[in-house]
Amino acid sequence: MPDDQRADQIAPINPLPMVVWALALPMIAAEILLSLADAGVIGGPQAVGWRVAAIQDYGVFPEFWRQNWAAGAVDLPLLGRFFSFAFVHGSATQAMFGVAMVLALGKFVGEVFRPWALALVFFGAGAVGAFVYACLVPNQPLFGAFPGVYGLIGAFSFLIWVRLAGTGANQLRAFVMIGGLMAVRLIFGAFYTVLPMLMPSMAAVGHDWSWVADLPGFAAGFLLSFVVSPGGFARVRARVREWGN
């Protein structure tokens with residue numbers, strides 16, 4: 001094949017599984033709309049509050065959840081927030097990082113997992129992270145893609161873990177990535193959570209508890225991968241048999 005024809009067949013960007021775009025495009029569209037509203041480009045003066053309204057409509061509010069749970073009034077719209085919160089972000093920067101990580105991790109995981117399995121890991125991990133967050137955290141809303149992203153990190157770590165097992169290497173190396181990320185996350189979380197408690201003058205910085213949802217999200221993504229990955233059930237059975245011997 002001539003070099004010019006071969007060059008024409010080279011995609012300008014790496015192709016991504018459609019399920020990854022299905023996750024990322026709503027985040028991108030929502031952020032474009034909210035950023036334009038924040039800038040006053042669309043919606044008029046009242047559009048400045050669209051982001052706050054979106055968080056109120058789709059975010060997870062721990063106190064609201066606990067009150068409804070205690071009253072036995074948990075309904076479908078309330079449960080839907082454990083999935084919808086991932087598509088609304090507090091700023092363009094948060095959305096940019098969230099979308100970038102969904103695209104990058106989704107590409108790696110999507111090359112091995114079936115589309116439904118990747119979606120299940122993202123939403124399942126996000127829901128688990130949000131549930132733990134709602135049970136433990138004071139009344140601060142949870143929003144953004146990161147609990148689901150950490151679920152994809154769990155799936156990515158699972159793939160590395162399986163590969164290391166096949167080569168006989170130390171499987172703990174699969175958790176280097178999450179260890180580094182959580183160390184940084186905990187440092188920033190401690191800064192934004194503990195420091196205002198110790199120094200009232202820093203109260204304006206605010207409290208950031210969102211990291212509480214990330215570690216459960218990672219654990220859920222890693223454990224779900226045992227079931228939803230190709231050959232997952234067989235791999236689980238084989239490992240159980242190894243433990244029984």
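**Core packing**

User: Which residues have the most contacts inside the largest nonpolar core?
Analyst: The model is predicted. Its largest nonpolar core comprises 34 residues. Those with the most contacts inside this core are Met27, Val102, Phe113, Leu118, Phe122 and Ile153.

User: Which helix gives the most to this core?
Analyst: Two or more residues each come from helix 2 (18-38), helix 6 (92-110), helix 7 (115-136), helix 8 (146-167) and helix 10 (211-228). With eleven residues, the greatest contribution is that of helix 8.

User: How many residues does the second, separate core have?
Analyst: This second core stands separate and includes Leu78, Ala127, Ala130 and Ala134. Its residue count is 14.

User: Is alanine 155 buried or exposed?
Analyst: Alanine 155 belongs to helix 8. Leaving aside neighbours within four places in sequence, its contacts are Val109, Phe113, Val121, Gly221, Phe222 and Ser225. Buried means under 20% relative accessible area. Because its relative accessibility is 0%, alanine 155 counts as buried.

User: What separates the C-alpha atoms of alanine 155 and glycine 106?
Analyst: Glycine 106 is among the buried residues of helix 6. Along the chain, alanine 155 and glycine 106 are 49 residues apart. Their C-alpha atoms are separated by 9.6 Å.

User: What distance does helix 6 reach from its first C-alpha to its last?
Analyst: Helix 6 has 19 residues, for which 27 Å is expected at 1.5 Å a residue.

Conventions: Residues are numbered from 1 along each chain as its sequence is written. This is a predicted model: local features need pLDDT of at least 70, side-chain atom pairs count only at pLDDT 80 or more; totals for chains, interfaces and linings use all residues. Side-chain values use heavy atoms; hydrogens and water are left out. A nonpolar core is a set of buried Ala, Val, Leu, Ile, Met, Phe, Trp, Tyr and Cys residues joined through side-chain atoms within 4.5 Å. Buried means under 20% relative accessible area, exposed over 50%, partly exposed in between (1.4 Å probe, protein chains only). Helices (H or I, at least four residues) and strands (E, at least two) are DSSP runs, numbered from the N terminus. Contact means heavy atoms within 4.5 Å. The expected span of a helix is 1.5 Å times one less than its number of residues.
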